[in-house]
Amino acid sequence: TTRICVINPNTAAAMTELIAAAARAVAPPRTEIVAVTNPMGPESIESHYDEALAAPGLLSVITEMERTDPADGYLIACFGDPGLDAAREVATAPVIGIAEAAFHVASMLGRGFSVVTTLSRTIGRAADLVGHYGFSRQCRGIHATEIPVLDLETNPLTGSILTDACREALRTDGSDAIVLGCAGMADLTAEVGHAIGAPVIDGVAAGVGLLAGMAAMGLRTGTASGEFATPRTKLYTGLPTNFGLG
Ligand SMILES: NC(=O)NC1=NC(=O)NC1=O
């Protein structure tokens, strides 16, 4: 059995359930999805500050899993891909973020894609990730719905607001596909896709598909050498006792 660990980097357990359902909907046979909620940090991530405070707990989840029962792949299920490079240093299996996964899949569905995300203040971070992963040519635009992350589930208008924003993004950008800019939108992927008649990519599903494929290819990173090698042993002061490398 392949085990993929899907980590919600915020502490909202309800979002973890939504993320787990999206992951399990696309998991291939004999693939177990282990969904984990961050034990420490913000209840939602929609600023640089939130991302910084989500990373320590996220990393403790990975170091703990590596110590007890290493997974065959790790998915960071927040669109800012918080802590991704640090996670790669402590994981012995592939680690990908949902933004990274969604961009890669979207780039293979046409010439250009658009991103529709939550608050406009997160657009800069999404743009930075587009450039960092090398998709500046394919990403035609990044748009915000102005719905805060935790309001996605409670606002009854989310579905229609998101659908309208995705339809408008396709039109103004001339894109072939839409990337949903938040794990919390995962449960709306099918609804939006049917409404706008274009591929809509949720990074949770994209990430599970990619990680399952990498596991099937036997791709493990092990204790990589070079940039992503295990961090040198040192003293870390003030970390909670359950940290793996402390
Ligand atoms: N763009 C976003 O707001 N992303 C996210 N914040 C979260 O807390 N989870 C996400 O996926």
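Me: Is threonine 122 buried or exposed?

Reply: Buried means under 20% relative accessible area, exposed over 50%, partly exposed in between (1.4 Å probe, protein chains only). Threonine 122 has a relative accessible area of 15%, so this residue is buried. The model is predicted: local features need pLDDT of at least 70, side-chain atom pairs count only at pLDDT 80 or more, and totals for chains, interfaces and linings use all residues. Residues are numbered from 1 along each chain as its sequence is written, and side-chain values use heavy atoms, without hydrogens and water.

Me: Which residues does threonine 122 touch, not counting residues up to four places away in sequence?

Reply: Contact means heavy atoms within 4.5 Å. Threonine 122 touches Glu46 and Thr117 on that count.

Me: Where in the chain is the place of threonine 122?

Reply: Helices (H or I, at least four residues) and strands (E, at least two) are DSSP runs, numbered from the N terminus. Threonine 122 sits in the loop between E5 and H5.

Me: In which sense do strand E5 and strand E6 pair, parallel or antiparallel?

Reply: Two strands pair if DSSP finds at least two bridges between them. E5 (residues 113-117) and E6 (residues 139-144) pair in the parallel sense, over five bridges. Threonine 117 stands opposite alanine 144 in E6.

Me: What span should helix H2 have?

Reply: The expected span is 1.5 Å times one less than the number of residues. H2 (residues 48-68) has 21 residues, so it should span 30 Å; its end C-alpha atoms are 31 Å apart, which agrees.
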